[in-house]
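Q: I would like a close look at a single part of this protein. Please walk me through it step by step.

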Amino acid sequence: MKKRIVTAFLALMCFFTLLVAPAQAYTPPSDDSGISTYAEVVRWYYRMNNGVEEMRLWSVTRGIWITDWVPVNP
């Protein structure tokens with residue numbers, strides 16, 4: 001008798017969970033959340049190395065070099 005009651009209770013809980021689950025689905029935050037996406041800000045740096053002008057790309061957003069030094073095409 002106890003097993004039947006426990007089984008029926010678990011079945012009812014699973015059934016109600018399936019009914020409630022769609023209401024708890026993920027909804028994206030509204031514009032009032034204060035979170036915005038921005039493009040990465042980058043800047044080219046130039047130098048003269050043994051008579052060859054070179055350039056390198058710096059990510060202002062992340063604070064890292066994105067490229068190695070490459071020669072500037074004339």
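Where is the place of Asn50? Please start there and then follow the residues around it.

A: Keep in mind that this model is predicted. Asn50 sits in the loop between β1 (42–49) and β2 (52–59). Its relative accessibility is 77%, so Asn50 counts as exposed. The backbone is worth a look too. Asn50 has a positive phi of about 55°, although it is not a glycine. Most residues other than glycine have a negative phi.

Now step back into the strands. Tyr45 belongs to strand β1. Along the chain, Tyr45 and Arg56 are eleven residues apart, yet 5.3 Å separates their C-alpha atoms. Tyr45 has a relative accessible area of 31%, which lies between the 20% and 50% cut-offs, so it is partly exposed. Its side chain makes a polar contact with the side chain of Arg43, at 2.9 Å. Leaving out residues up to four places away in sequence, Tyr45 touches Glu54, Met55, Arg56, Trp58, Trp65 and Trp69.

Take Glu54 from that list. Glu54 is in strand β2. Its relative accessible area is 12%, under the 20% cut-off, so Glu54 is buried. The side chains of Glu54 and Asn49 are joined by a polar contact of 3.5 Å. With residues up to four places away in sequence again left out, Glu54 touches several others, including Tyr46, Arg47, Val70, Pro71 and Val72. Tyr45 and Trp69 are also among the residues it touches.

Next, the aromatic rings. Tyr45, Trp58, Trp65 and Trp69 form one aromatic cluster. A pair of aromatic rings is described by the distance of the centres and the angle of the planes. The count comes to three aromatic pairs. One of them joins Trp58 and Trp65: the ring centres are 4.9 Å apart and the planes lie at 70°, so this pair is edge-to-face. Another joins Trp65 and Trp69. Here the centres are 5.9 Å apart and the planes lie at 50°, so the pair is tilted.

How open are these tryptophans? Trp58 counts as partly exposed, at 24% relative accessibility. Trp65 is partly exposed as well, at 36%. Trp69 is partly exposed too, with a relative accessible area of 25%.

Finish at Trp69. Arg47 lies over the face of Trp69, at 4.2 Å from the ring centre. Trp69 is also a residue that both Tyr45 and Glu54 touch.

Terms used:
Residues numbered from 1 in each chain as written. Predicted model: local features only at pLDDT ≥ 70, side-chain atom pairs only at ≥ 80, totals over all residues. Heavy atoms only, no water. Helix = DSSP H or I, 4+ residues; strand = E, 2+ residues; numbered from the N terminus. Buried < 20%, exposed > 50% of the residue type's maximum accessible area, 1.4 Å probe, protein only. Contact = heavy atoms within 4.5 Å. Polar contact = N/O pair within 3.5 Å; in protein donor to acceptor, adjacent residues only side chain to side chain. Phe/Tyr/Trp six-rings, centres within 6.5 Å; stacked < 30°, edge-to-face > 60°. Lys NZ or Arg CZ within 6 Å of the ring centre and 35° of its normal.
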